[in-house]
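Open the model in a viewer and keep the selection panel at hand. The stops below go from ring pairs to a helix contact and then to a pocket.

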Amino acid sequence: MQERNGYGQYCPLSMAAEILCTRWTVLILRQLLEGASGFNEIRRGVPLVSRTLLAQRLREFETFGLVSRGSEGPGKPAAYRLTEAGKALGEVVRAIAVWGQEWIDVEPSLADVDTDFLMWDIRRHVRRLSSLPDRFVVRFHFPDAPEGKRLHWLVFARDEVDLCYVDPGFEIDVQIEAALKTMVRIWIGSQGLSGALANGDIQIDGPRKFTSNAADWLGLGSLAEIQKRPAELRVLRAG
């Protein structure tokens, strides 16, 4: 904690910024706010953060009083739970995300899509509809992804959805194929699913009883309904 330099001001904004405006902090908070509690589960939502830095941030959260750390039972790893102060940051984190969705031009960020994060985000937001079979398997194929990142499987079960990076060996119900940029644009609401299907930017193959309502079980990102500002008004993300 000694390396943290404060702003030397007593106003609430500066004190809050000292806690929240460090690298990865807001993204880690988002994972906790969305229900992640285990170290590895949190890291899957921020796959580019190092394990050392993630552990450091979580220790800081404990010190600040944003999370409590406890055991889930004998032999189980520690779990991180938001305190009331931590939960109250939900509106803050969402407000930042809404601003980003509305005002920042996403195209520069599509130059190097993090496939693992995209699939983890999809996994968190798909819907387990009652009309789906007890086990429903969707294979995603991204032909332009790096080697080893082109195929992913979502396995819907009654109680959860598993994300697999190797073939789980189950019969595939639906296959989705698209370029990575296309999948991201659809997921964040920049491109409509129906339009992408019509012009062939994405293909969803399988029995009609599953493909006809793909938008219902596939879902979209949590901010997809928020429309972008006109291009000439948007902020350009550096780097």
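**Aromatic pairs**

In this predicted model, the count of aromatic pairs comes to five. Select F136 and F156, which form one of them: the pair is edge-to-face, with 5.2 Å centre to centre and 70° between the planes. F136 sits in strand 4 (residues 136–141) and F156 in strand 5 (residues 151–156). The two are 20 residues apart, and the pair links distant parts of the chain.

**Helix 2 against helix 4**

Next, select residues 25–33, which are helix 2, and residues 51–64, which are helix 4. The two helices pack at an angle of about 75°, and their axes are 11 Å apart. Angles of 65 to 115 degrees count as roughly perpendicular, and helix 2 and helix 4 are therefore roughly perpendicular to each other. Show side chains for the contact: helix 2 brings T25, I28, L29 and L32, and helix 4 brings L54, R57, L58 and F61. By class, the residues of this contact are six nonpolar, one polar and one charged.

**The second largest pocket**

Which residues lie nearest the centre of the second largest pocket? Select D112, V113, T115, P146 and L180 to see them; the lining has 13 residues. The lining divides into six nonpolar, one polar and six charged residues. The space in the second largest pocket is about 190 Å³.

Methods: Residues are numbered from 1 along each chain as its sequence is written. This is a predicted model: local features need pLDDT of at least 70, side-chain atom pairs count only at pLDDT 80 or more; totals for chains, interfaces and linings use all residues. Side-chain values use heavy atoms; hydrogens and water are left out. Axes are lines fitted to C-alpha atoms, for helices over the stretch in contact, and angles run from 0 to 180 degrees between N-to-C directions. Helices (H or I, at least four residues) and strands (E, at least two) are DSSP runs, numbered from the N terminus. Angles under 35 degrees count as roughly parallel, over 145 as roughly antiparallel, 65 to 115 as roughly perpendicular and the rest as oblique. Contact means heavy atoms within 4.5 Å. Ala, Val, Leu, Ile, Met, Phe, Trp, Tyr, Cys and Pro count as nonpolar, Asp, Glu, Lys and Arg as charged, and the others, Gly among them, as polar. On a 1 Å grid over the protein atoms alone, a cavity is a set of points where a 1.4 Å probe fits but cannot get out, and a pocket is an open set with protein on both sides within 12 Å along at least five of seven lines; lining residues have an atom within 4 Å of a point. Grid points are joined across faces, edges and corners, and a volume is the space filled by probe spheres set on the points. Rings of Phe, Tyr and Trp (its six-membered ring) pair if their centres lie within 6.5 Å; planes under 30 degrees apart count as stacked, over 60 as edge-to-face and the rest as tilted.
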